[in-house]
Amino acid sequence: AGGLLWAGLGAAAVGCGLICILWSAPARALFSYLRGRGGRMAERVPAFERAYESLRVVASPAALVWPTILSVVGWGAEGVALHVLLDGFGQAPALPLSIFFYATATLAGALIPVPGGLGVVEAMFQSQLVELGHVAEGPATAAMLMIRFATLWWAVIVGFCSLAILRKRFPHLLRETGAEGQPTT
């Protein structure tokens, strides 16, 4: 109950954020005000302006279309994978519910400043599956562990293996550099 309200509020917050980023007049006024005050903030205005311009480029509607489509397809597929896992345990809630559980748990994990949302995502999966999806605790825990291994830890393992291979094949590309950009080794 109330989930639609929170989803609407979240969508409205994202929409307001995009409007603030893409509508440049308020930002330019703020930069002008900071520049006029002088002091440390005035010294940082050029860096803020460069960051703002970069943010405007990546947050433009044209730049967001393909990433949004890919995200919806990717997260939808991961929600379907959760559904298939649960179905294997004979405990599958409706497919849209499985996708919802996956998406909300992953979003909650993204909001917490912990790598991969560790702990938060697992707790949300568990509680949503048991309380809202009416899945028994054992299958819910097993499905949660399996989907996290498939969607998070598999990528971590592949990344570490790839890094090890790259370090072995191309050691000259990973030299440490000093302040002047010169190799220290």
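1. Rings of Phe, Tyr and Trp (for Trp, the six-membered ring) are said to pair if their centres lie within 6.5 Å, and a pair counts as stacked with planes under 30 degrees apart, as edge-to-face over 60, and as tilted for the rest. By this rule, the structure holds five aromatic pairs. In one of them, Tyr102 and Phe125 form a tilted pair, with 5.7 Å from centre to centre and 40° between the planes. This pair links distant parts of the chain, since Tyr102 is in helix H5 (residues 95-111) and Phe125 is in helix H6 (residues 120-132), 23 residues apart. Ring pairs also join Trp75, Tyr102 and Phe125 into a cluster.

2. Please keep in mind that this is a predicted model, in which local features need pLDDT of at least 70 and side-chain atom pairs count only at pLDDT 80 or more, while totals for chains, interfaces and linings use all residues. Residues are numbered from 1 along each chain as its sequence is written, and side-chain values use heavy atoms, with hydrogens and water left out.

3. As for the overall fold, the protein chain has seven helices and zero strands, where helices (H or I, at least four residues) and strands (E, at least two) are DSSP runs numbered from the N terminus. The radius of gyration of the protein chain, taken over C-alpha atoms, is 22 Å, well over the 16 Å that the globule rule (2.2 Å times the number of residues to the power 0.38) gives for 185 residues, so the chain is more spread out than a compact globule. Along its principal axes the C-alpha trace spans about 65 × 50 × 30 Å.

4. On burial, a residue is called buried under 20% relative accessible area, exposed over 50%, and partly exposed in between (1.4 Å probe, protein chains only). Buried residues make up 21% of the 185 residues in the protein chain, and both Tyr102 and Phe125 are buried. His83, which lies in helix H4 (residues 61-88), counts as buried because its relative accessibility is 18%. Leaving aside neighbours within four places in sequence, His83 is in contact (heavy atoms within 4.5 Å) with Ala92, Pro93, Ala94, Leu95 and Ser98.

5. A search of the whole structure finds three salt bridges, each being a side-chain nitrogen of Lys or Arg within 4 Å of a carboxyl oxygen of Asp or Glu. The side chains of Glu53 and Arg28 meet in one of these, at 2.6 Å from N to O. Because Glu53 lies in helix H3 (residues 39-58) and Arg28 in helix H2, this pair ties together parts that are 25 residues apart in sequence. Glu49 forms a salt bridge with Arg35, with the closest N and O atoms 2.7 Å apart, and here too the pair links helix H3, which holds Glu49, to helix H2, which holds Arg35. The side chains of Glu122 and Arg148 meet at 2.9 Å, N to O, and these two residues are both buried.

6. Finally, the surface deserves a look: Leu111, Ile112, Val114, Leu118, Phe149, Trp153, Trp154, Ile157 and Val158 form a nonpolar patch with about 820 Å² of accessible area together. Such patches are made of residues with over 30% relative accessible area and no salt bridge, with like charges joined within 9 Å and nonpolar side chains (Val, Leu, Ile, Met, Phe, Trp, Tyr) within 5 Å, and accessible areas come from the Shrake-Rupley method with a 1.4 Å probe, where for residues only the protein chains shown count as cover. Helix H7 (residues 137-169) gives the largest share of this patch, five residues.
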